[in-house]
Amino acid sequence: MSDSSKFKHHGVDASSNTSTNPALSEIMDARFSRRGLLQGGGALGLAGVLSGGFATLAEAAQAPFAHKIPTLGFKPVPFGFSDRVVVPEGYSAEVLYAWGDATGIKGNMPAFRQDASNTAAEQAVQAGMHHDGMAYFPLPLGATGSKHGLMAINHEYTDDGLLHVGGMTPWNGDKVKKAQAAVGVSVIEVEATAKGWQVVRPSRFARRITANTPMAIHGPARGHALMKTEADPAGVEILGTFQNCANGQTPWGTYLTCEENWDGVFVNESGTLTELEKRYGISNKDAGYRWAWEDFRFDLQLNPNEANRFGWVVEIDPFDPQSKPVKRTALGRFKHEGATMTLAPSGQAVVYMGDDQRFEYIYKFVSKNKYDARNRKANMALLDEGTLYVARFDADGSGQWLPLVHGQNGLQADKGFADQGDVVIKARMAADILGATKMDRPEWIAVHSRKPGEVYCTLTNNTERGKEGKPGTDAANPRPDNKFGHIIRWNENGADAAATGFKWDIFVLAGRPDAARPEHKGNIHGDAFGSQDGLKFDYNGVLWVETDVSTSTVNMKEYQGMGNNQMLAVVPETGEFRRFLTGPNGCEITGIAFTPDNKTLFINIQHPGEPADERSDPAKPLAVSSWPDGAAAGRPRSATVAIRKHDGGVIGS
């Protein structure tokens, strides 16, 4: 989920920077002097769906209760250096759904072949590669149980060295089709049994959504000139979604999947890039996926508008496998890391989003209309009308949500914005004009499950901050050469997610106390970590943090001795971080979902076995990892893991 990799924009830039920041201590003193203010919660609490016995998020949001501060009861695990998933004493971790497993479509459930010989057609009904964000939906629709449900799971990108026999040699159209079938989203039915969690097969809900699944365009960009192509002259339907990173979940039971590093599959070899292409990272050289070699849809010389049709939040109804996914363009186009949804006291839907690249922005969308718990059909259009905002973090600890609205604040025709469709398609350029704060790679965003209006965002790292020709430090991004990143927090004015102002502080600076340079030490209370990425509150108010140190840096350089990627828990009111889990070699820890009773935690192990150059050698698929199938198997596989306590208790307690 980074912007520096040759293939998937996924690595941490480990370049050195010897500049210092003499004002760092002053900046941090000012930031942390407001910690007490931001820890105050007020009497109202927004419970997670189902966690307080409420039927809907809207009901929960209006219910007053005293927030009981949770405690962590597990013994932290040490840094991890083994090729396995390590959890605390008293816990188990079981693989639920791995790349190549049958999704569960009746009459079409091919087995995974360890030699990579599955066809594109078979891959289209199997788990895709590189599991990322996900969500759990109790069954049936509207239920509150924790034993039976649906899971929607993102498959972000492909490692073509593992996906194909012979890797990318030779390269051909069949391999492109298989790669396009290995991305997108899975919808699976799952059930807790006496033998643990199992995928229900066959299932009437089972579905794979790929790079070639038809999708509707709704919102301001529907029918826009920049969305029209020869294959879709009306600009109303798109084939596919890919590079699906983090996610969101709505109270009306739909899944929000987010297109992040989509630019890497497009190429414009004309030698002349438009300003729009440049701003979104399109290159005149192939980034390594080679889709455009065989599928001319991704050649921007032939289809100049096709790239504009990606970079959106896509809404999927997991309860209806025949429904068409919808790209919700009112939420803006950029490299979406996630789309975290909450409800304002008014009932308006609010979606928080990060744009995961160095010096990009934090956004939120506030719907025009209100959520109606009795009218699911009306809610299906709730994300099509509203106001898109971008955040400005001011040095005095206050902040403003700046509206990205056509005709306001310079967003007019003479600046390249003829209508609101232009604004959302060119959201980055609009945010530039408004003077939003350039952040250190905004990734996942989490809303406190027990305190309305309190929001956290992981800022993974930014090794370019403060370099010549690049933006310098500021109050919200106070460290140059920010290799370890930080977590920022804000409280919306009036505890109202729809407010246009907020107060903020820096929740934690990641790092290691024994670092040689002061900007790498951080101020963590508890277990050390860096390059935080995944972020989510459970229903009791514990914040869970996952890391994504790139394979070119993990356990090396400034991260030497910190082992494999990890997951931690922290109670914000106490600030103590405890390491809960470490992953196998070469992996990222990502994807967080809890059952409503907080007794099962689902996480994803992404790209186990990934080498430092981020593409596996097809002749040596087990060179880095053999997880989860072992050394006798053919290749490592990304997978969803179910974690439970042996005593059946609440995770983390």
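Reply: Happy to! Let's start with a definition: a strand here is a DSSP run of E with at least two residues, numbered from the N terminus. By that numbering, R333 sits in the loop between strand 12 (326-328) and strand 13 (340-343). Keep in mind that this is a predicted model.

Me: How do you know that R333 has no salt bridge?

Reply: A salt bridge needs a side-chain nitrogen of Lys or Arg within 4 Å of a carboxyl oxygen of Asp or Glu. For R333, the nearest side chain of opposite charge is E259, 7.6 Å away.

Me: What is R333 in contact with, leaving aside its neighbours within four places in sequence?

Reply: Its contacts include W262, Y280, F310, W312 and R428. Contact means heavy atoms within 4.5 Å.

Me: What makes the N172 and D174 pair a polar contact?

Reply: At the start of helix 6, a side-chain oxygen of N172 comes to within 3.1 Å of the backbone nitrogen of D174.

Me: Why do strand 25 and strand 26 count as paired?

Reply: Pairing takes at least two bridges. Strand 25 and strand 26 (residues 543-547) have four, in the antiparallel sense, so they qualify. F537 stands opposite L543 in strand 26.

Me: Why is the sheet 24-28-27-26-25 called open?

Reply: Strand 24 (525-526) and strand 25 (532-537) are at its edges with a single partner strand each, so one side of each has no neighbour in the sheet.

How values were computed. Residues are numbered from 1 along each chain as its sequence is written. This is a predicted model: local features need pLDDT of at least 70, side-chain atom pairs count only at pLDDT 80 or more; totals for chains, interfaces and linings use all residues. Side-chain values use heavy atoms; hydrogens and water are left out. A polar contact is a pair of N or O atoms within 3.5 Å; within protein, one must be able to donate a hydrogen and the other to accept it, and residues adjacent in sequence count only if both atoms are side-chain atoms. Buried means under 20% relative accessible area, exposed over 50%, partly exposed in between (1.4 Å probe, protein chains only). Lys and Arg count as positive and Asp and Glu as negative; His and the chain ends are not counted.
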